[in-house]
Amino acid sequence: MSSTTLPTQTAEHYLLNPYSLDDAALDQVFGEIMRHDVDYADLYFQYSRAEGWSLEEGIVKSGSFNIDQGVGVRAVSGEKTAFAYSDDISLAALHSAAKATRAIGRQGGQGLAGAARRPSAVQPLYATLDPLGSLAEADKVKLLERLESYARSLDPRVIQVMASLAGEYEVIYIARHDGHRAADVRPLVRVGIQVIVEQNGRRESAHVGGGGRYDYSYFSEERLQGYAREAVRQALVNLDARPAPAGEMTVVLGNGWPGILLHEAIGHGLEGDFNRKGSSAFAGKVGQRVAAKGVTVVDDGTIPDRRGSLNVDDEGNSTQRTVLIEDGVLQGYLQDSLNARLMGVAPTGNGRRESYAHITMPRMTNTVMMNGDKSPEEIISSIKRGLYAVQFAGGQVDITSGKFVFSASEAYWVEDGKIQYPVKGATLIGNGPDVLTKVGMIGNDLQLDAGVGTCGKDGQSVPVGVGQPTIRIDGGLTVGGTA
C-alpha cells in the first residue's frame, strides 16, 4: 500500500475485504454479543509482519520473518471481562467468539439497534510506511556489516561486535458496539549494537540502539556511526571503572534513558487498574502532593514518530498528553475504557494490548519528567559526595510498595562538585513515591530516549518511550556497590 493511503483504507484492504466483512456483518456479531446485557463490546482486528536480523563476526547469525493476523472479541459487564480470539478472520469465527463472550452478560439485553457509524479522525503522528519493504534484504545485511565495521575501526580494544536490525508493519482495525470505528498503520524499526572490549585481560561490554515509527531510511550513515561510537565509548569507560561505593547518598540521574527508572518505579503505579483496586502506592491521592515542587510528569502518546506513540490506542481512542503530576501534585491516572468507566473519569487513550490474542489494559506510552531550571553542570557541581548515574540496565519494581532495584550500566563517583572516576556495579535501591519527594534539583536538559524501550506487564510487551532532564535526588536512595 502507498504511504499516502489512509489507515482505514489499508485496514479494510488487509482485514475486512478479503473476508467479505463490512459494517452489516460486524453489526451481526455485536447483535450476538448484545443479546445479553453488557456495558461494552469491541472487535480488534490485527495484521502484522515482522522481521529480525542479527550479525556477529561478520556473519548473519539469525534471521526471522513472521506474519500474523487475527481478531480479538471482548465483552465487558461491570468489572467482569469475557474475551475470545481467533487467527481465523471470518464471519463464522467472529460469531463463534461472540458466543463465547456472551456468557458474561446479564440476561435481558436488547441486541444492537444499528448504532450510527462514528469513524475516528486523527492527525497522523507518523507515516503509513511499510519498513520491511523499504530496503532490500541484501542491503539490510550490508547495513549491519557497516555498523560492525565502523565499531571495529574505532579502537583496537574492540574484540567482538554484535549488531541487530528489526522491523514491524502492523495494521489494526477497531469496531466498537457504539458504532465507533478506528484504524491505524504502525511502522516500527530498531537497530542495536553490542560491543565487547578487552584490555589487560579485562573485558567490558556496552549496548546501544535506536529507532522509532519510521522505515529503514531512518538509519542514515551518520546515525549508524553515532550508535557505534557511543557503544564503544561506554564499553571503554567501564574498562577504567572502579568498584562502586555502597550506602545511602546523593544521586544524580542523567537525562534521557535514565527516565526508565521513572517509568518503572513511578509510571506503573499511576496506571488506572492498580489504583482502582487500591494496590498502588498512589491510590486515592489525586489532588495531594506526592512529589517535590517542580516535579511534573506527563505521559504523552502524541509525540510524532516516537516508539511509544500511537495515533489511536487499542480501543480506538485518540492518544493524548496526560499530566499525571504537576508541580508535585497528583493530577490523575492513566486510563483505558474499563477502568475509566468504573472510576467515573474519562479514558486517557492508554488502552493497550500486545496483540489481538491479548486483553486490553492501561499502559504507558512515552512517560516524561519535564524540564526544570538548572543546568546539568550546576547540578553536578552541587554534589559534595555522591553518584552520577548516566545509563541504566535492568531493574525491578513492586507496584504495591513502590520499592525498586536498578543497576547502572554507566556511572561516576563525584566529590566536591567534580567527576572523579567511573564506577562499576552500582545498584540503586529505593522507593518510587519516596524518591519523588526527594528531588532537589531539576535540569533544563530534557531528552527522550533513543527509541529502544519495551515495557512488560502481566505477560504482555508493548513499545514505549521514556525521558527526563538531569535530576538530583537528595537521600532516599541506597547505592548497593562492591566497594
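Helix α6 is largely enclosed by the rest of the structure, because nine of its nine residues are buried. Buried here means under 20% relative accessible area, with exposed over 50% and partly exposed in between, using a 1.4 Å probe and protein chains only. The buried residues of α6 are G259, I260, L261, L262, H263, E264, A265, I266 and G267. Helices are DSSP runs of H or I with at least four residues, strands are runs of E with at least two, and both are numbered from the N terminus.

Let me state the basis of these values. This is a predicted model, in which local features need pLDDT of at least 70 and side-chain atom pairs count only at pLDDT 80 or more, while totals for chains, interfaces and linings use all residues. Residues are numbered from 1 along each chain as its sequence is written, and side-chain values use heavy atoms, with hydrogens and water left out.

I turn to the cavities. Rolling a probe the size of a water molecule over the atoms shows where empty space is left. A cavity is a set of points, on a 1 Å grid over the protein atoms alone, where a 1.4 Å probe fits but cannot get out; lining residues have an atom within 4 Å of a point. Grid points are joined across faces, edges and corners, and the volume is the space filled by probe spheres set on the points. By this rule there are two cavities of 30 Å³ or more.

The largest cavity has a volume of about 60 Å³. Its lining consists of L253, L261, L262, I266, M369, V435, L436, V439, Q468, I471 and I473. Three elements, α6 (259–267), α10 (432–437) and β26 (471–473), each give two or more residues to this lining. Which element gives the largest share? That is α6, with three residues. By class, the lining of the largest cavity has 10 nonpolar residues, one polar and no charged. For this division, Ala, Val, Leu, Ile, Met, Phe, Trp, Tyr, Cys and Pro count as nonpolar, Asp, Glu, Lys and Arg as charged, and the others, Gly among them, as polar.

The second largest cavity has a volume of about 30 Å³. It is lined by E264, A265, G269, S280, A281, F282, I399, G402 and P433. Here the classes are five nonpolar, three polar and one charged.

From the record, an unreviewed UniProt entry places the feature "domain: Metalloprotease TldD/E C-terminal" at residues 247–475. The end C-alpha atoms of this span lie 10 Å apart, and the span is 14% helix and 37% strand.

Next, the aromatic residues. The whole structure contains 11 aromatic pairs. Rings of Phe, Tyr and Trp (its six-membered ring) pair if their centres lie within 6.5 Å, with planes under 30 degrees apart counted as stacked, over 60 as edge-to-face and the rest as tilted. The pair of Y14 and Y169 is edge-to-face, because the ring centres are 6.1 Å apart and the planes stand at 70°. This pair links distant parts of the chain, 155 residues apart: Y14 is in helix α1 (residues 7–16) and Y169 in strand β5 (residues 158–176). Y14 counts as buried at 17% relative accessibility, and Y169 is buried at 3%.

F404 and F406 are also edge-to-face, with centres 6.0 Å apart and planes at 65°. F404 is buried at 1% relative accessibility, and F406 at 2%. Finally, Y214, Y218, F219 and Y227 form one aromatic cluster.

Technical notes:
1 Å grid on protein atoms, 1.4 Å probe; cavity = no way out; pocket = protein on both sides within 12 Å on 5 of 7 lines; lining within 4 Å. UniProt positions renumbered as here; feature names shortened; annotations may be inferred.
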